[in-house]
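Subject: Structure handover

Hello,

Here is the structure I promised you. Please open it next to this email and follow along.

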Amino acid sequence: MVTVSQSAVEIRTVDTPQDADRFLDLPQRVYANDPNWVPPLRSSVAKTFATDNPFFDYGRLQRFLALRDQEVVGRIVAAVNDRLIEREGQKVGLFGYFECIDDFSVAQALLEAACNWLRAQGMTLVRGPINLSTHNGCLFLVDGFDTPPMVLMPYNPPYYPQFVAYLRSRLCALLHHRGRN
């Protein structure tokens, strides 16, 4: 079942230290009642976005927040990894660090924002969830939500794969169609 809210979703880039904190804090809300969620170290996730991360030698990214009534309800990162593009010979962008409440309209707004940013960067394909590279977290868990995760295994709410699967064809069309203009 896909849940859709009628309230407007505002998408904005992470531009301030306060927004960066809100970006890092959102998972606590999403997983508040999930006994199987093991939170990543906040400081470790924060280091990913520090300017001294080697990723920035060969890539670029944009973080987004989704807000409803000034409350953060989702987040996503759109990234371009030039090493991946060089290796594959395709203009492929990535989305990762995806988290949102159980609301399809939030997921849709976040994924559209990421695709639009990637398109503006010249990308014609999108893959995800991949947190900047496959050396970091990637993929969604699709079953086994009733047991604790294993080391290096993704963990997410069960509605994430449904949201992305439902949106995949629409987002691919959005990226390809607008990429030709």
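**Overview**

Of the 181 residues of the protein, 45% count as buried. Buried means under 20% relative accessible area, exposed means over 50%, and partly exposed lies in between (1.4 Å probe, protein chains only). This is a predicted model, so local features need pLDDT of at least 70 and side-chain atom pairs count only at pLDDT 80 or more, while totals for chains, interfaces and linings use all residues. Residues are numbered from 1 along each chain as its sequence is written, and side-chain values use heavy atoms, with hydrogens and water left out.

The secondary structure comes to 5 helices and 5 strands. Helices (H or I, at least four residues) and strands (E, at least two) are DSSP runs, numbered from the N terminus. From that end, the elements run β-α-α-β-β-α-β-α-β-α.

Now for contacts, meaning heavy atoms within 4.5 Å. Take those in the protein with a separation of 6 or more: residues 24 or more positions apart account for 68% of them.

5 strands form an open sheet in the order 1-2-3-4-5, and the pairing is mixed. Two strands pair if DSSP finds at least two bridges between them. Strand 1 (10-13) and strand 5 (125-127) are the edge strands, and each pairs on one side only. The twist averages 25 degrees from one strand to the next. For angles, axes are lines fitted to C-alpha atoms, for helices over the stretch in contact; the angles run from 0 to 180 degrees between N-to-C directions.

Start with strands 2 and 3. They pair in the antiparallel sense over 10 bridges. Gly 59 has Asn 81 in strand 3 as its bridge partner. The two strands form a hairpin with 2 residues between them. In the turn, Asp 69 has a positive phi of about 55 degrees.

Is strand 3 largely enclosed or open? It is largely enclosed by the rest of the structure, because 10 of its 11 residues are buried. Strand 3 also pairs with strand 4, in the antiparallel sense, over 6 bridges. There, Val 77 has Gly 96 in strand 4 as its bridge partner.

Strand 4 (residues 92-100) and strand 5 run parallel, joined by 3 bridges. Gly 93 stands opposite Val 126 in strand 5.

**Helices on the sheet**

Helix 1 (residues 17-30) packs on the sheet. It touches strand 1, strand 2 (59-68), strand 3 (71-81) and strand 4. Its direction makes about 115 degrees with that of strand 3. Helix 4 packs on the sheet too, touching strand 1, strand 2, strand 3, strand 4 and strand 5. Its direction makes about 30 degrees with that of strand 3.

**A look at helix 4**

Helix 4 (residues 104-120) has 17 residues. It reaches 24 Å from its first C-alpha to its last, close to the 24 Å expected at 1.5 Å a residue. That expected span is 1.5 Å times one less than the number of residues. Helix 4 is mostly covered: 12 of its 17 residues are buried. Among them are Phe 104, Ala 107, Leu 111 and Trp 117.

Asn 116 is in helix 4 as well. It counts as partly exposed because its relative accessibility is 26%. Its C-alpha is separated by 9.3 Å from that of Ala 78, 38 residues apart along the chain. After helix 4 comes Gly 122, whose phi is positive, near 95 degrees.

**The core**

A nonpolar core is a set of buried Ala, Val, Leu, Ile, Met, Phe, Trp, Tyr and Cys residues joined through side-chain atoms within 4.5 Å. The largest one here has 54 residues. Which members touch the most others? They are Phe 23, Ile 76, Phe 98, Cys 100 and Tyr 160. The largest share of this core, 9 residues, comes from helix 4.

Phe 163 lies in helix 5. It is buried, because its relative accessible area is 0%. Phe 163 and Ala 107 are 56 residues apart in sequence, but 6.7 Å apart in space, C-alpha to C-alpha.

**Cysteines**

Cys 100 counts as buried because its relative accessibility is 0%. Cys 115 is buried too, with a relative accessible area of 4%. A disulfide is a pair of cysteine sulfur atoms within 2.5 Å. By this rule the count comes to 0.

Best wishes
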